[in-house]
Every structure is written in structure tokens, then in C-alpha cells.
Amino acid sequence: MVEWTGKPAYQQVADDLRRRIAEGEFSETGRLPSLAELQKEYGITVTVARDAIRKLRADGLAVSHQGKGAFLTPTSVDAAKQADPATAIAELRGELGQLRSEVSELRERVAQLEGN
């Protein structure tokens with residue numbers, strides 16, 4: 001259900017779909033929910049659903065085929081992850097943890113070399 005947050009409803013739906021894309025929810029089939037499915041799931045009008053898909057297309061995350069629906073682009077998961085701040089932060093934290101571990105290991109090696 002879309003709630004009033006100050007953002008247009010289509011943007012809220014597009015943001016949620018972007019998050020779901022980043023999490024890999026649609027990667028198995030590559031197919032995004034139909035307009036009717038979006039209407040039912042989010043409690044929105046067909047116009048809002050259409051605008052949300054249009055936003056994903058404009059952002060390079062989806063392509064539409066008349067009568068078949070909207071589908072992920074080959075790079076949509078990576079693009080969605082980059083566009084989703086929470087996902088980007090989580091990835092950076094993981095990389096930071098790995099770098100800290102490597103620096104610690106290098107310090108130990110340097111200490112061993114200096115001790116000999």
C-alpha cells in the first residue's frame with residue numbers, strides 16, 4: 001500500500017521495485033509484475049503503475065514489450081544496487097570490513113619482518 005510521504009505514488013512504487021530488483025527478487029524470470037499485479041499489490045491506479053514502470057525504464061532498469069510486460073535489463077540488478085543507498089552502504093561496510101582485516105594482517109606481517 002502506498003502512503004503519503006511527500007513523494008509521488010509512482011516514485012514510491014518505483015523505489016520499492018528498485019529495492020526488490022537490487023535484492024534479486026525478479027532475477028530468476030527477469031519479468032517485473034504486470035500493471036494489474038502492481039495495482040493489486042500496492043493499491044494504486046493503472047496510471048500510477050504505468051508511471052512507476054516508465055520511471056524504471058527511464059532509469060535503465062527495465063524494458064517493456066507491448067502485450068508481454070516489463071522485463072529487467074541485463075544490468076538492472078547492478079544499477080538498482082547503485083541507486084539504492086541502503087544497498088550501497090551495506091556493500092561499502094562489507095568492503096571496509098575486508099580492508100580492515102587485510103590491513104591488520106599486513107601489520108602483523110610487517111611486525112614479524114621488523115622483528116627478524
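Helices (H or I, at least four residues) and strands (E, at least two) are DSSP runs, numbered from the N terminus. By that rule the protein has 5 helices and 2 strands. Along the sequence they follow the pattern α-α-α-β-β-α-α.

This is a predicted model: local features need pLDDT of at least 70, side-chain atom pairs count only at pLDDT 80 or more, and totals for chains, interfaces and linings use all residues. Residues are numbered from 1 along each chain as its sequence is written, and side-chain values use heavy atoms, with hydrogens and water left out.

**Overall burial and contacts**

Buried means under 20% relative accessible area, exposed over 50%, partly exposed in between (1.4 Å probe, protein chains only). Of the 116 residues of the protein, 26% count as buried. Contact means heavy atoms within 4.5 Å. Among contacts between residues at least 6 apart in sequence, 49% join residues at least 24 apart.

**Helix α1**

Helix α1 covers residues 9–22, 14 residues in total. From first C-alpha to last it reaches 20 Å, close to the 20 Å expected at 1.5 Å a residue. That expected span is 1.5 Å times one less than the number of residues. Glycine 24 follows α1, with a positive phi near 85 degrees.

The buried residues of α1 include Gln11, Gln12, Ala14, Leu17 and Ile21. Two others are set out below.

| Residue | Place | Relative accessible area |

Valine 13 lies 9.2 Å from aspartate 51, C-alpha to C-alpha, and the two are 38 residues apart in sequence. Which residues does arginine 20 touch, not counting residues up to four places away in sequence? They are Glu25, Phe26, Glu41 and Tyr42.

**Nonpolar core**

A nonpolar core is a set of buried Ala, Val, Leu, Ile, Met, Phe, Trp, Tyr and Cys residues joined through side-chain atoms within 4.5 Å. The largest one has 18 residues. Those with the most contacts inside it are Leu17, Leu32, Leu38, Ile44, Ile53 and Leu56. Helices α1, α2 (35–42) and α3 (46–58) and strand β2 (69–72) each supply at least two of its residues. The largest share, 5 residues, comes from α3.

Leucine 32 is in contact with Ile21, Phe26, Ile53, Leu56, Ala62, Ala70, Phe71 and Leu72, leaving aside neighbours within four places in sequence.

**Largest pocket**

On a 1 Å grid over the protein atoms alone, a pocket is an open set of points where a 1.4 Å probe fits, with protein on both sides within 12 Å along at least five of seven lines; lining residues have an atom within 4 Å of a point. Grid points are joined across faces, edges and corners, and a volume is the space filled by probe spheres set on the points.

About 250 Å³ of space lies in the largest pocket. Its lining has 14 residues, of which Leu35, Ile53, Arg57, Ser64 and Gly69 lie nearest the centre. α3, β1 (62–65) and β2 each supply at least two lining residues. α3 gives the most, with 4 residues.

By class, the lining has 4 nonpolar, 6 polar and 4 charged residues. Here Ala, Val, Leu, Ile, Met, Phe, Trp, Tyr, Cys and Pro count as nonpolar, Asp, Glu, Lys and Arg as charged, and the others, Gly among them, as polar.
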